[in-house]
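Visitor: Please show me the model, and let me ask what stands behind each term you use.

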Amino acid sequence: MNSDGIAVPRDRTQAIFASTGIAALGNSSAESSLAPVGQGTLVLPTNFLKSGSLLQVRLFGYFAAEGTGVNFTFRLKINGVTVANKTITPIIDLASKKFFSEFDLFIPTSGTTSTCYIDGRIKTETAAGLLDSKELSLVTSTVNTTIANTIAITGQYASASESDFINVLSVRLTRHPRPL
């Protein structure tokens, strides 16, 4: 049963957060949130993460590297601590090309020092319209599942450029069914 008292089958994916706006970042080298406003929450309540929890964070949008094509770093954070990051170097002279990113977080056991395994990928559209995939190496981090956990998705350019930007059109955080 969910918080509204509605029975939800165990084999269903549960949406936790879905964006309803656009997050824009450009002409800045400051780390900024890539999560637009939305419905739901990016704050997971105390004891929300149970043994066997699998979360997925997905985002997509458009970026441009019309200037210098400086590096752009995606970061996934839990309670302000970076648990995964990936830097991409966009090809110069790209105007409004698509990107898609997803991160999977698996927590095999719950507790104050739970290990969290993070896997992910970022796909960017090339000048030829093809997708270039950057895989994130499997990362482990420690998470305290007995407290509230805030999920953050941030981005940062290595240096500011007036012609480089990223617009995130959609962010979605889901929890997948736990094993029986």
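Guide: A strand here is a DSSP run of E with at least two residues, numbered from the N terminus. The model is predicted. On that reading, asparagine 47 is placed in the loop between S5 and strand S6 (53-65).

Visitor: What does the secondary structure of the chain come to?

Guide: The count is zero helices and 13 strands. A helix would need a run of H or I with at least four residues. From the N terminus on, the elements run β-β-β-β-β-β-β-β-β-β-β-β-β. In the chain, 73% of the contacts with a separation of 6 or more are between residues 24 or more positions apart.

Visitor: What makes the phi of asparagine 47 worth a remark?

Guide: Its phi is near 60°, a positive value in a residue other than glycine. Most residues other than glycine have a negative phi.

Visitor: Why does asparagine 47 count as partly exposed?

Guide: Its relative accessibility is 37%. Buried requires under 20% and exposed over 50%, so a value in between is called partly exposed. Asparagine 47 therefore counts as partly exposed.

Visitor: Where does asparagine 79 lie, and what is its phi?

Guide: Asparagine 79 lies in the loop between S7 and S8. Its phi is positive, about 50°, although the residue is not a glycine. The hairpin of S7 and S8 has two residues between the strands. With a relative accessible area of 35%, asparagine 79 is partly exposed.

Visitor: What makes strand S7 mostly covered?

Guide: Strand S7 covers residues 72-78, and seven of its seven residues are buried. Each of them therefore falls under the 20% cut-off. For the chain of 180 residues, the buried share is 40%.

Visitor: Which residues of S7 are buried on each side?

Guide: Phe72, Phe74, Leu76 and Ile78 are buried on one side. Thr73, Arg75 and Lys77 are buried on the other. In a regular strand the side chains alternate between the two faces of the sheet.

Visitor: How do you know that S7 pairs with S8?

Guide: Two strands pair if DSSP finds at least two bridges between them. Seven bridges join S7 to strand S8 (residues 81-88), and the two run antiparallel. Leucine 76 has alanine 84 of S8 as its bridge partner.

Visitor: What volume does the second largest pocket have, and which residues are closest to its centre?

Guide: The volume is about 170 Å³. Of the 10 lining residues, the closest to the centre are Gln14, Ala15, Ile16, Thr41 and Phe48. Strand S1 (14-19) and strand S5 (43-44) each give two or more residues to the lining, and S1 gives the most, with three.

Visitor: How many residues of that lining are nonpolar, polar and charged?

Guide: Seven are nonpolar, three are polar and none is charged.

Conventions: Residues are numbered from 1 along each chain as its sequence is written. This is a predicted model: local features need pLDDT of at least 70, side-chain atom pairs count only at pLDDT 80 or more; totals for chains, interfaces and linings use all residues. Side-chain values use heavy atoms; hydrogens and water are left out. Buried means under 20% relative accessible area, exposed over 50%, partly exposed in between (1.4 Å probe, protein chains only). On a 1 Å grid over the protein atoms alone, a cavity is a set of points where a 1.4 Å probe fits but cannot get out, and a pocket is an open set with protein on both sides within 12 Å along at least five of seven lines; lining residues have an atom within 4 Å of a point. Grid points are joined across faces, edges and corners, and a volume is the space filled by probe spheres set on the points. Ala, Val, Leu, Ile, Met, Phe, Trp, Tyr, Cys and Pro count as nonpolar, Asp, Glu, Lys and Arg as charged, and the others, Gly among them, as polar. Contact means heavy atoms within 4.5 Å.
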